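Welcome! Take a look at the model, and then read on.

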Amino acid sequence: MTAVTATPVRSETRDWRGISLQLAPFLGIFAAAMILPFVSNDYWALIGTRAAIYWVLVSGLNLIVGFAGHLAIGYVALLTLGAYTTSVLVAGNVTPPLNVFAALPIAGAVGAAFGAIVGLPALRLRTFYFAMSTLGFATIVAQIALAWQSVTGGGIGIAGPEFPAPFDTAWGYYYLCVAFAAVCTWLSANIAHSRFGRALIAIRDAEVAAEATGISKPRMLIAIFLFAGALAAIAGGLFASLQTYITPDAFTFDLSVLFFIAILIGGRGSILGPMLGTIILTVLPEVAAPLAAWSTFLYAVLLLVIVLVMPGGIATLLDWRNRRPLASNRAIVPRPAELAECFRKSAGDKTLKLRGVTLSFGNVRAINNLDLGVKPGEIHGLIGPNGSGKTTTLNVISGYYVAEAGTIGLGDRVLEPGMPTLRAQRGIARTFQTPRIIGEASALQNVMIGGTIDGQATFIEALLALPRSRRDEHMLTKKARALLGVVGLEALADVRADRLQHSELRFIEIARALMLEPGFLLLDEPAAGLSSDEIERLAALIRAISRRGTGLLLVEHHADLIFDICDRVTVLNLGRILAAGTPADIRVHKEVVSAYLGG
Amino acid sequence: MFASIIASGLAAGAIYALVGVTYNTMFSTSRVMSFTAGQLAMLGGVFGSMFTLKMGMPLLAGFLLTLIACAIIGIVTEFVAVRPVLKSLDQHLYVLSTLALALMIQQVAAIKWGTEPQPFPRLIGWGSGVWDEKFWLPIAACAITIAGLEYLYRRTLVGRAFLAIAEDNFAARALGLPERNLRVASYALAGIIGGVAGFSGGELLLAFFANGALLNFYGFVPVALGGLGNNRGAVIGGLALGLFQQAANFLVGGIFSSVAVFALFIAVLLARPQGLFGFSTARRV
C-alpha cells in the first residue's frame, strides 16, 4: 500500500517539473514573437505574420501527419478554400457582405467539412494512395479557383478581406495572427497530450494493438480531420487578408510542400519541432535572398536529408532526456501484490465460450470445430505444435478473423465476429506474439493507451482542456504508473519504448492490457524470450491476475510454465483438440506426449 | 465532336496508361511507388523539345537522347530515393524520399526550362483533324511499349528474371538472381517508358514543367483502378480514364471533369482498395 500511495506524490512533483520544462521553449518563442515589433521593421512584420499564419495551419496538420502518420501532402487546397471562402463572404459577391470576424468561423466550418471529405480515403487507403488523393484534391481546387470566375474572379482574382482597426496596421495584424497561432498551439497541444493524441500515435505505430484496446480509427481520424480542416481554412482567411489580393497563383503547390516538410523536419509526434520547422522554413528563403527561387528545391533536399539521415527530425535532437544511458543491469521485479489496489471493477462471472469455431486459410483448416471455455479466474493453457491453430484461435476471439462457422460468446451474449475494436468494452484484453508497442512513446504512455476507452471526456473537452479531460488524464496517469509498478517497470516509465529490452516490452504489454481491468486476458506466448528468472516472476504475476477473477487464456510453448500455473490445458493439433484436461492428465496423455511433448 | 472526344480521350488515356506502366515497372522489382513516374513523362517532353527544337538535333537523335536522359533519371531515382529506404519498406519512407526527388526534378525543370509551356516539334507530319499525329502517336507508342514489354517478360531471360523478382523477391535472390542489378535495370526501363510517354505525348501536352505533377496523379489513377503491378489493368484503366475525362470535358466543362475524375478515383478506391483487377492478400495479425 505504501508504495502505491507514495508513487503519485513523487511523480506529481516530477510532472510539474517536466511540464514547465516542456513549456519553456514555447514561452520563449512567444516572448520572442512579442518583442519582434520593437527590434525590427515592417518587412519582418510580414514574415512574422506569414510564419504565424502557416503555423495556424501546420498545428492542425501536424496532428494528421506527425501524430496519426497520414501523409497529407495537398493541404494547400484547404488554405485556398479558406482564403476564397473568407474573401468571397466579405466581398459579398455571392451573399450580402459579412463582417470578417463572422466570415472566418464560416470558412472554418467549410474547411472542417472539406477536411473530413479529403480525409475519408485515409480510413481505407494506404500511405501512397492517401498522399495521391490529397494531391489530386489540391490539383482540383486549384483548377476550380481558376475556372469558377463568377465567384473567385478566375485568374484576375479577388480582394482579400480587410480587418478593422486596430488590426489594419502591419504590426496590429501581426499580433492578431500571433494570437491565433498561440491559441492553435494550445488547442493542438491539448489534443496531443490527451488520450486522443496517444490514440492517434497508437493507430500510426501499432494499429492492431490499438484496435485491441478499443480505439476506433474512423472516429479518431475524422475528429482530427475536421479540426485540421477548420484550422487550415482559418489560416486561409488570415492569409488572404495578408495578401490583400488573391489569385490562384498565390496558392502554389510549394506551400503544401512547406507545410508538409515543416512537420517532417520538426519530427513526428512533437509540437515544438514542427513549430521550429515552420519558422525556419518561412524565414530561410528570406535571409538568403538568392535562394528564394530555389526555396522548394531546398525544402526537397532538406526532406531527403531528413528521411535518409535523421528520420526523427528536430524533435529527436531536442530530446536529450532519452539520450541518457539506461542502467544495463536492470531487472524486472513485478509486485503482483499491488494489483488489487489498481483494480476498481469487480470481476464478472461469465464464461468465455467458443462453440464449433472453424476457420480455413485457402485449403488449410487452421481451426476445425473448436470448443473451448474459459471461466473467470481460471488459467487456461492452449498448447500444441507450430501451426496447430493457437494464435489463430486468439485472433478469432479478439475479432481479427471471422470464423466461418461457430460462435464466440461471453456468458449468453454472442461476441460480434470480426470487430476487434469492440472487444475492449466487453472486457477482453490481449497481448501479442511479438510485442506491439509504440516505439516513439514512453513506457508510461504505452500503458496509458490501454485505458483509452475509460476516458470520459469528449474530443471537444480534450481540445479545450476542460476539467473532465484533466480528470481523465490524472486517472489514466495514476493507474498506468501503478500498473507499471505491478509489472516492475516503474523506473522506466519515462523512457522511450524503443530503447527497452524485449522482455520489458512483454511486461509493458501486460500492463497495457491490465489497464482495462479485463474480465479475460489472452496472452500470446508471454514467456517467449524471457529468462528463467523472468518466467518465474511472470508466473507469479499471472497467478495474481487470475486470483483477482480474470480468466486467462495462455498460448505458450514453455511446457513447464503451462503445467506449473494452468488450471486447465487444451492441446491443439492441426486445428483440432487433441486433448483437454488438468495439467496432470495432459502430462501423461499418450497422444499429446507423442505429438507434442516428446519423451 | 464524338470523333474528337474519342481521339483526344484515347490519346490522353494512352499517356496516362504509359505513366501507369512506369509506376508498375518500378513497383514490380522494388515494391515502391515513386512520385518520379509523372516527372519522367514530363521530362520526356521537356528533353524532347530541348534536344530537337532548342539544340536543333535530328528527331531520331533527339528521341534517343531523351530516352537515355530519362533512363539516367530512373537510375538516379533508384540510387538516391529507393535503395536507401528499402530496408524499412514498412515505414513507407519511400513516399517521402521519392516525393523529395520528384520535387527537385520539377523545380530544376521550372527554373532551367521556364515555367511557361513551350512548343514541341511535329514529329512525322502524318494526318490531320482527329487523325492528327498528336492523337495517334501516343496510342501507337502505348501499343508498341506494351507489345515490347510482353515480349520482354515472356520471351527473354532478363524479362523472366524481372517477373521472378516481382513474384517473390527472396526466392529470386535464393536462386542467385542479381536482384540489385535487375532493380536498377527496371528503373532504367521505367525511365525509358516514362520518356516515351512524354515524347509521344509532347505535341498534346507540350513541354511544360507542371505536367509532372498532373501526370503523377492522372497516371496513378489507372494504376489504382487497375490494381498495383497489373499492366493490363493500367492500360484499360488509363484509356477508360482518358475517355471519361475528355467526354466530361466536352459535355460538362473542364472543372467538372476533374472533379468527376477525382470523385471516381476516391469512390473506386473506397469500395475496392486493391483496385478493380487486383487481389487483396495482406494478413495483418
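Let us begin with chain A, whose secondary structure comes to 24 helices and 12 strands. Please keep in mind that this is a predicted model.

**Overall build of chain A**

The C-alpha trace of chain A spans about 85 × 50 × 40 Å along its principal axes. Its radius of gyration is 28 Å, which agrees with the value near 25 Å that a compact globule of 599 residues would have. Of the 599 residues in chain A, 52% are buried. If we take the contacts in chain A between residues at least 6 apart in sequence, 77% of them join residues at least 24 apart.

**A sheet in chain A**

Which order do the strands of the open sheet follow? The six strands of chain A line up as β8-β9-β10-β5-β11-β12, with mixed pairing. At the edges are β8(A) and β12(A), each of which pairs on one side only. Leaving direction aside, neighbouring strands of the sheet are turned by 20° against each other on average.

Helix α21 of chain A packs on this sheet, where it touches β5, β9 and β10 of chain A. The direction of α21(A) makes about 145° with that of β10(A).

Here are some of the elements just mentioned, with their residue ranges:

| Element | Residues |
|---|---|
| β8(A) | 428-430 |
| β12(A) | 576-581 |
| β5(A) | 379-383 |
| β10(A) | 551-555 |
| α21(A) | 532-547 |

A429(A) stands opposite L521(A) in β9(A).

**Where chains A and B touch**

How many residues does each chain bring to the contact? Chain A gives 35 residues and chain B gives 33 residues. On the side of chain A, the elements that give two or more residues are α5 (127-147), α11 (253-266) and α13 (295-309). Of these, α5(A) gives the most, with 14 residues. By class, the residues on this side of chain A divide into 27 nonpolar, seven polar and one charged.

**A helix pair in chain B**

Finally, turn to chain B. Helix α1(B), residues 2-30, packs with helix α11(B), residues 231-252, at an angle of about 145°, and their axes are 7 Å apart. The crossing of α1(B) with α11(B) is right-handed. The contact between α1(B) and α11(B) has 15 nonpolar and 11 polar residues, and no charged ones.

Methods:
Residues numbered from 1 in each chain as written. Chains lettered and ligands numbered in written order. Predicted model: local features only at pLDDT ≥ 70, side-chain atom pairs only at ≥ 80, totals over all residues. Helix = DSSP H or I, 4+ residues; strand = E, 2+ residues; numbered from the N terminus. Rg over C-alpha atoms; globule rule 2.2 N^0.38 Å. Buried ≥ 20, exposed ≤ 12 C-beta atoms within 10 Å, placed from the backbone. Contact = placed C-beta atoms within 7 Å. Axes fitted to C-alpha atoms, helices over the stretch in contact; angles between N-to-C directions. Left-handed = near helix turned anticlockwise from the far one by under 90°. Nonpolar A, V, L, I, M, F, W, Y, C, P; charged D, E, K, R; others polar. Pairing = 2+ DSSP bridges.
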